[in-house]
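Biologist: I am new to this structure and would like to learn how to read it. Could you take me through some of its features?

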Amino acid sequence: MRTSGMLMCRAALSCVFLEILIHGVQGLNVCMSGSATSCEECLLIHPSCAWCAQEDFGRVRTLMSRCDLSQNLHNRGCKAQFIEFPISSRSILRNEPLSSKGSAPTQYDVVQIMPQKISLSLRPGDQTSFEVQVRQVEDYPVDLYYLMDLSLSMKDDLVTIRNLGTKLTQEMSRLTSNFRLGFGSFVDKNMSPFSYSAPKYQENPCNGYKLFPKCVPSFGFRHLLSLTDKVDRFNEEVQKQMVSRNRDAPEGGFDAILQAAVCKDRIGWRKEAFHLLVFATDDVPHLALDGKLGGLVQPHDGECYMDEKNEYSASTKMDYPSLGLLGEKLAENNIYLIFAVTKRLYVIYKNFTALIPGTTVEILDMDSKNIIQLIINAYNSIRSKVELTVWDHPEDLSLSFTATCQDGQPLPGLRKCADLKIGDTVSFNVNVEARSCPPQGTAHSFTIKPVGFKDRLEVAVDYRCDCGCSNMAQANSSICSSIGTYNCGTCRCEPGYLGARCECQEGEAGSLSLSACREAEGKQVCSGRGECSCNQCLCYESEFGKIYGSFCECDDFSCARHKGILCSGHGECHCGECKCHAGYIGDNCNCSTDTSSCISADGQLCSGRGRCACGRCQCTQAGAFGDTCEKCPTCPDACGTKRECIECRLFNSGRLADNQTCQRLCKDEIITVEALKTDESGAVLCLYKTDNDCVMRFTYSEHANGKSVLTALKEPECGGGPDALMVLLAVVGSILMVGIVLLAVWKLVITVHDRREFSRFQNARSRARYEMASNPLYKQPVSTHTVETDFSAFGKSYNGGVH
């Protein structure tokens, strides 16, 4: 019950929160807007409303509402003992613990639902809740009634189940030590057009049917064996049975199901057992109104009609039962119905299960050979589910459920748990709300029970619609001038009298008395916001606030507002004018005279870039923004201001090096990088020279989320001295390079010159004409003699000869 306690606590907190919320919204008071004139009317307006029965409650000349939030009444002077504020409550009347096994000394001692009886006291509109725990205990007794279709098409199935009792008992013994088995059969109504009614078919409906010439007369429902643990008796009864024959395809199975459910004494259902009704058929059933085809116009009344032969005696007198009646009677007698039908009928009977609670459907083989496994599967499926139903639900009560199954997670709106193991405990939180008050003296109750269980939770309900002060009403009370009834702080005057104390008679209010209720001639009586009673104005109550004054000319809700809040929440409304609290000025008190909120982190008013107006900075310098104008990337001094933060935060130097000062003034995010990007949109590049002649560079930007971000180099950029070795190598290299270039140029010039001279020599040589005689270098060693010989034939190149 711990969860229930937590939910009650949450509900109480919700009520308190609701009351605070309604109280906090000035003028929108649901209790006062209802114009309740009595305590009972007040309680019906809203569950948060209370009534003050104190005699002297309220001020003179004002119609003070006695119906208000309880805290408001207390604040207005109503003593606690006079405040009528009933709340919903619950009390547990019987709460026996859940059993763990079904084999108790007496089966009536087995408990599967907790608590068993509670009482609710409900105020209309208010809610209360309670928890229900359910557990399917182990080794619980089982009663199984086998209801079989004995029409001609089921003849093969009848052969198959002749030893069903023995085999089924063996299988069920693994699930329970206390098992009983019963047997019944059905065909259809023995009348036209449902069965063959001609005289030749009365004794043998199969007369003339060559495939199966002999069968028993048709019947509606026949109870053959009451529930028993004698397995042999079941087998004997099955072996005695013969099939019958009806005319149309549908069967009268629903007649049989209803009789098997309501004739519990004949069937032998035990109150302390788990009830299973197995319905085996190979065709669809007749439904309500089908009986009109045979002239049966009387609807089924849901009663038991079994004659001395254990046969359904009203088969030819009443119509077939409806699905609603069938479901009601099965639930009333805690019976789980198992449809064992052939495959072609599965969808039809599956739809029936949605309309009949506690019903399952399984597929039956054509010859019923799988009937045992079918029953075991259906039993396990049924035992794996817990579903709550509500009986005798009063119309003026609203119920909602939240299931908490084996995984421990609450499931709002569900009253069912599945996939359970036998022995699992599940819980359901039930929330109950009364929507209205029934006639006085009316008592209500309802029952919550799991489908198919004998266990149930009985809930008694009474309504908190009356006020305790009404029990002390005084007729002809002196408080009411002895001509009225004093009840809960107010007078209910006799006809013809009026006034808060019945002090005036109707017709006394003439023009003279009405003029006393006008502020000036031509003005409305009581400013149109009150009643003139006995020469004085009694002001109306308003849902927006208080109306007061000698002529109801004032109120506390007609003043100027700021953002919908009266006098900005910083003043009081007095007769149409805001009276501001200290530190606020203006027509609607929205302007604060305090400048502390305008002081920036560096101690300046609006950072020196604006002025403080009504407690907020108005930035006057272009580009400045922020609560204290502290942000201004484009301001001339922006880089200088942020430089100090870079120095103290990154290098612990500069004017703000003191840790406390640095942390207080420099709250911007600083990001250090190896290389600084200066092309970011909206970023301002800043740089400064450090003490050691280095240059520090950083950027200052404002992000869209309002954060100021400084992006700086990890280290300042510093210049270094020349490297001697590098200079020497550079000079030597330069000289060598120049020498090589000069040698290359000289070599090129010489080469060009030599080639030019050689070319000239070659040209000259090719033009030279040499002759042996004319060679100036040649000297003859001997004397020569001239011989006149003609050598012209030898060519020009030869002019003489050597001897």
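Modeller: We will go from sheets to helices and then to single residues. This is a predicted model, so local features need pLDDT of at least 70 and side-chain atom pairs count only at pLDDT 80 or more, while totals for chains, interfaces and linings use all residues. Residues are numbered from 1 along each chain as its sequence is written, and side-chain values use heavy atoms, with hydrogens and water left out.

Biologist: Let us start with sheets. In what order do the strands β2, β1 and β3 stand, and which pairing do they have?

Modeller: Strands of a sheet pair through backbone hydrogen bonds, either parallel or antiparallel. Strands (E, at least two residues) and helices (H or I, at least four) are DSSP runs, numbered from the N terminus. Two strands pair if DSSP finds at least two bridges between them. Here the open sheet of 3 strands has the order β2-β1-β3, with antiparallel pairing. β2 (67-69) and β3 (83-84) are the edges, and each has a single partner strand, so one side of each has no neighbour in the sheet. Between β1 (residues 49-52) and β3 there are 2 bridges, and cysteine 52 has isoleucine 83 of β3 as its bridge partner.

Biologist: Which residues of β21 are on its covered face, and which on its uncovered one?

Modeller: In a regular strand the side chains alternate between the two faces of the sheet. In β21, Gly484 and Tyr486 form the covered face, whereas Thr485 and Asn487 form the uncovered one. β21 runs antiparallel to β22 (residues 490-493), joined to that strand by 4 bridges. Glycine 484 is opposite cysteine 493 in β22. The two strands make a hairpin with 2 residues between them, and cysteine 488 in the turn has a positive phi of about 55°.

Biologist: How do α6 and α12 pack, in angle and in distance between axes?

Modeller: Two packed helices are described by the angle between their axes and the distance between the axes. Axes are lines fitted to C-alpha atoms, for helices over the stretch in contact, and angles run from 0 to 180 degrees between N-to-C directions. Helix α6 (residues 164-172) packs on helix α12 (residues 371-383) at an angle of about 35°, with axes 10 Å apart. Contact means heavy atoms within 4.5 Å; α6 contributes Leu164, Lys167, Leu168, Glu171 and Met172, and α12 contributes Ile371, Ile372, Ile375, Ile376 and Tyr379.

Biologist: Is asparagine 333 buried or exposed?

Modeller: Buried means under 20% relative accessible area, exposed over 50%, and partly exposed in between (1.4 Å probe, protein chains only). Asparagine 333 has 9% relative accessibility and therefore counts as buried. Asparagine 333 lies in the loop between α10 (323-332) and β12 (335-341). Leaving out residues up to four places away in sequence, asparagine 333 touches Ala261, Val262, Lys264 and His275.

Biologist: Where does serine 481 lie, and what is its phi?

Modeller: Serine 481 belongs to the loop between β20 (457-463) and β21 (484-487). Its phi is near 55°, positive in a residue other than glycine. Serine 481 is partly exposed, with a relative accessible area of 35%.

Biologist: Which residues does the cis peptide bond near 10° join?

Modeller: That bond goes from serine 192 to proline 193, and proline 193 is in the loop between β9 (179-186) and β10 (221-228). Another cis peptide bond joins methionine 114 and proline 115, with omega about 0°.
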